[in-house]
Amino acid sequence: MRCLVVYCHPVPESFCAAVRDTVVTTLARNGHEVDLLDLYAEGFDPVMSADERRGYNEMKREDHPFPDHAERLEKADALLFVYPTWWYGLPAMLKGWLDRVWTPELTFHMPEGPGPIQPLMTHIKLLGVITTCGAPRWLSYLVGHPGKRTILRGMRALCAKSCRRLFTAHYLMDKSTPESRAAYLKKVEKRLSSI
């Protein structure tokens with residue numbers, strides 16, 4: 001598969017960077033084509049302007065504010081997000097990427113009248129979240145795991161009907177040990193080797 005890996009963490013030496021490297025290496029070793037999109041390294045601007053918001057619903061594909069990102073999304077068969085869960089959700093940078101890149105006529109079609117939006121990401125056959133969480137598992141689920149739900153429920157609705165989902169998290173990240181981190185990297189490698 002052609003896998004677009006969207007990575008979001010501001011600290012180059014973070015554990016999330018080790019997770020990213022494990023994801024990229026495992027996918028490539030198993031014969032997948034990997035396209036790594038590092039939002040911080042790229043200097044992505046997550047802030048939507050007033051004018052961009054005003055024209056959002058009428059945006060055409062040729063008017064996309066990030067044509068390179070749009071093209072990379074169009075070429076992907078799989079989309080994997082690697083990020084830290086902060087305050088139970090997505091980092092602001094990643095949320096801004098979704099706001100500014102997942103636009104009408106690229107990821108969905110806005111109908112003229114009443115009715116639901118129509119998905120345009122039907123070439124995406126696998127959608128995955130690979131994350132770290134400071135909170136324990138039970139609390140993350142009690143709160144509702146908003147980041148996971150945004151991607152694996154909300155965005156999945158725009159993908160292929162048969163789109164598979166993948167989720168894995170290292171909980172209690174703030175109290176992690178070298179052993180827990182090594183075990184998580186092995187878990188990520190094993191999960192990705194099965195796709």
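Predicted model: local features only at pLDDT ≥ 70, side-chain atom pairs only at ≥ 80, totals over all residues.
Leu-4 stands opposite Leu-79 in β3, and that pairing is where I would like to start, with strands here being DSSP runs of E of at least two residues and helices runs of H or I of at least four residues, numbered from the N terminus. Strand β1, residues 2-7, pairs with β3 in the parallel sense over five bridges, where two strands are said to pair if DSSP finds at least two bridges between them. Strand β3 is also joined to β6 by eight bridges, and these two run parallel; within that pairing, Leu-80 stands opposite Gly-128 in β6.

Residues are numbered from 1 along each chain as its sequence is written, and side-chain values use heavy atoms, with hydrogens and water left out.

Why is β3 described as largely enclosed by the rest of the structure? Because eight of its eight residues are buried, where buried means under 20% relative accessible area, exposed means over 50%, and partly exposed lies in between, computed with a 1.4 Å probe on protein chains only.

Rolling a probe the size of a water molecule over the atoms shows where empty space is left. On a 1 Å grid over the protein atoms alone, a pocket is an open set of points where a 1.4 Å probe fits, with protein on both sides within 12 Å along at least five of seven lines, and lining residues have an atom within 4 Å of a point. Grid points are joined across faces, edges and corners, and a volume is the space filled by probe spheres set on the points.

The largest pocket holds about 240 Å³ of space, and of the 16 residues that line it, Thr-85, Trp-86, Cys-133, Gly-134 and Asp-174 are the closest to its centre. At least two residues of this lining come from each of α1 (15-29), β3 (78-85) and β6 (126-133). By class, the lining of the largest pocket has nine nonpolar, six polar and one charged residues, counting Ala, Val, Leu, Ile, Met, Phe, Trp, Tyr, Cys and Pro as nonpolar, Asp, Glu, Lys and Arg as charged, and the others, Gly among them, as polar.

The second largest pocket has a volume of about 180 Å³, and among the residues lining it are Lys-95, Leu-98, Asp-99, Trp-102, Phe-108 and Met-155. Two or more residues of that lining are given by each of α5 (92-101) and α7 (146-155), and by class the lining has five nonpolar, three polar and two charged residues.

Is Arg-100 buried or exposed? With a relative accessible area of 10%, Arg-100 is buried. A polar atom of the Arg-100 side chain lies 3.5 Å from the backbone oxygen of Val-47, a polar contact being a pair of N or O atoms within 3.5 Å, of which, within protein, one must be able to donate a hydrogen and the other to accept it, and residues adjacent in sequence count only if both atoms are side-chain atoms. Leaving aside its neighbours within four places in sequence, Arg-100 is in contact, meaning heavy atoms within 4.5 Å, with residues including Phe-44, Asp-45, Pro-46, Glu-52 and His-64.

Two loop residues have backbone angles to point out. His-145, in the loop between α6 (137-143) and α7, has a positive phi of about 45° although it is not a glycine, and it is buried, with a relative accessible area of 4%. Leu-172, which lies in the loop between β7 (164-170) and α8, has a positive phi of about 55°, again without being a glycine, and at 41% relative accessibility Leu-172 counts as partly exposed.

Lastly, Ser-194 is found in the segment after α8 (178-193) and, at 57% relative accessibility, counts as exposed. The Ser-194 side chain reaches the backbone oxygen of Arg-191 at 2.7 Å, and although Ser-194 and Asn-30 are 164 residues apart along the chain, their C-alpha atoms are separated by 9.3 Å.
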